Structure formats: structure tokens, C-alpha cells
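Subject: Structure handover

Hello,

Here is the structure I am passing on to you. Please open it alongside this email, as my notes follow below.

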Amino acid sequence: MRYEPLPSFDRSLKRLPKEKKEKVKEAILNLIDFFEKGKKPSGLGLKKLAKNLWEIRVDIKIRVLFLLEDDLVRWCFVGDHNQIRQFIRKE
């Protein structure tokens, strides 16, 4: 599996405080571990939103959007529910 952050992901991640960035990193590492080893961790909240669009839960408010295409994961955006909805509408 290959992983690639999109510019929109990098921009949205920069806006978060340091402690939230650490939680995002932890959630992403848990998802990568799931893809590589097949063990789904509890609390990840993996959810399919559209054909190739998925989200994982970082905490009660923050989510990470990603596109899953064959063997490529493209990190799209980090934000709360409203920011995620706005991002999806734009794309």
C-alpha cells in the first residue's frame, strides 16, 4: 500500500494545535496498521462516505478524509463535521 498526502490535507493539518496533530498522526498510523496487518483497532470509526471516499475518527470532533484507490491512499482533509461537509461539497 502507498500513502500520499494531498496539499489540502497538509493545509488543514497545519491549522490544528500540536496536540490534535499528534492525535491525527496516531489515528493515521492505526489505519496504516490496519491496512498492512488486517487488524482493525477499536475506536477508529472507519466509515465509507462515497465510492472511494472514506473517513476515520481522530476524536469526538476531528475526522480525517482519505481516498482509497487500489493500492493508494490519498489523505485529503482534516477537520470537524462542518468542515468535512464543506470540503466534500467543494470537491
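With which residue does Glu 69 form a salt bridge, and how far apart are the closest N and O atoms? The partner is Arg 74, and the closest N and O atoms are 3.6 Å apart. A salt bridge here is a side-chain nitrogen of Lys or Arg within 4 Å of a carboxyl oxygen of Asp or Glu.

Some ground rules before the rest. This is a predicted model, in which local features need pLDDT of at least 70 and side-chain atom pairs count only at pLDDT 80 or more, while totals for chains, interfaces and linings use all residues. Residues are numbered from 1 along each chain as its sequence is written, and side-chain values use heavy atoms, with hydrogens and water left out.

Salt bridges

The count comes to six salt bridges. Arg 74 also pairs with Glu 4, with the closest N and O atoms 3.4 Å apart. That pair links distant parts of the chain: Glu 4 sits in strand β1 and Arg 74 in strand β5, 70 residues apart. Helices (H or I, at least four residues) and strands (E, at least two) are DSSP runs, numbered from the N terminus.

Glu 69 is partly exposed, at 26% relative accessibility. Shared partners join Glu 4, Glu 69 and Arg 74 into one network. Glu 4 is partly exposed at 32%, and Arg 74 is partly exposed at 27%. The terms work like this: buried is under 20% relative accessible area, exposed is over 50%, and partly exposed is in between (1.4 Å probe, protein chains only).

Another salt bridge joins Glu 55 and Arg 63, with the closest N and O atoms 3.8 Å apart. Glu 55 is buried, with a relative accessible area of 9%. Arg 63 is buried too, with a relative accessible area of 9%.

Aromatic rings

There are six aromatic pairs. Rings of Phe, Tyr and Trp (its six-membered ring) pair if their centres lie within 6.5 Å; planes under 30 degrees apart count as stacked, over 60 as edge-to-face and the rest as tilted. Tyr 3 and Trp 75 have ring centres 6.2 Å apart and planes at 10 degrees, so this pair is stacked. Tyr 3 is in strand β1 (residues 2-5) and Trp 75 in strand β5, 72 residues apart. Tyr 3 is partly exposed at 26%, whereas Trp 75 is buried at 4%. Ring pairs link Tyr 3, Phe 9, Phe 34, Phe 35, Phe 66 and Trp 75 into a cluster.

Helix α2

Helix α2 covers residues 18-37, which is 20 residues.

The buried residues of α2 are Val 24, Ala 27, Ile 28 and Leu 31. They fall within an arc of 95 degrees seen down the axis, so they line one face of the helix. The arc is that of the directions from the helix axis to the C-beta atoms. The face turned away from the buried side carries the exposed residues Lys 18, Glu 19, Lys 25, Glu 26 and Lys 37. The buried residues of α2 pack against α1 (7-14), β3 (53-57), β4 and β5. Contact means heavy atoms within 4.5 Å. Just after α2, Gly 38 takes a positive phi of about 80 degrees.

Helix α1

In α1 the buried residues are Ser 8, Phe 9 and Ser 12. Their arc is 100 degrees, so they line one face of the helix. Ser 12 is buried at 2% relative accessibility. Leaving aside neighbours within four places in sequence, Ser 12 is in contact with Phe 77 and Val 78.

The core

The largest nonpolar core has 15 residues. A nonpolar core is a set of buried Ala, Val, Leu, Ile, Met, Phe, Trp, Tyr and Cys residues joined through side-chain atoms within 4.5 Å. Phe 9, Val 24, Ile 56, Val 64, Trp 75 and Val 78 have the most contacts inside this core. The largest share, four residues, comes from α2.

A loop residue

Asp 70 lies in the loop between β4 (63-69) and β5 (72-79). Asp 70 has a positive phi of about 50 degrees although it is not a glycine. Asp 70 is exposed, at 78%.

Best wishes

Terms used: The expected span of a helix is 1.5 Å times one less than its number of residues.
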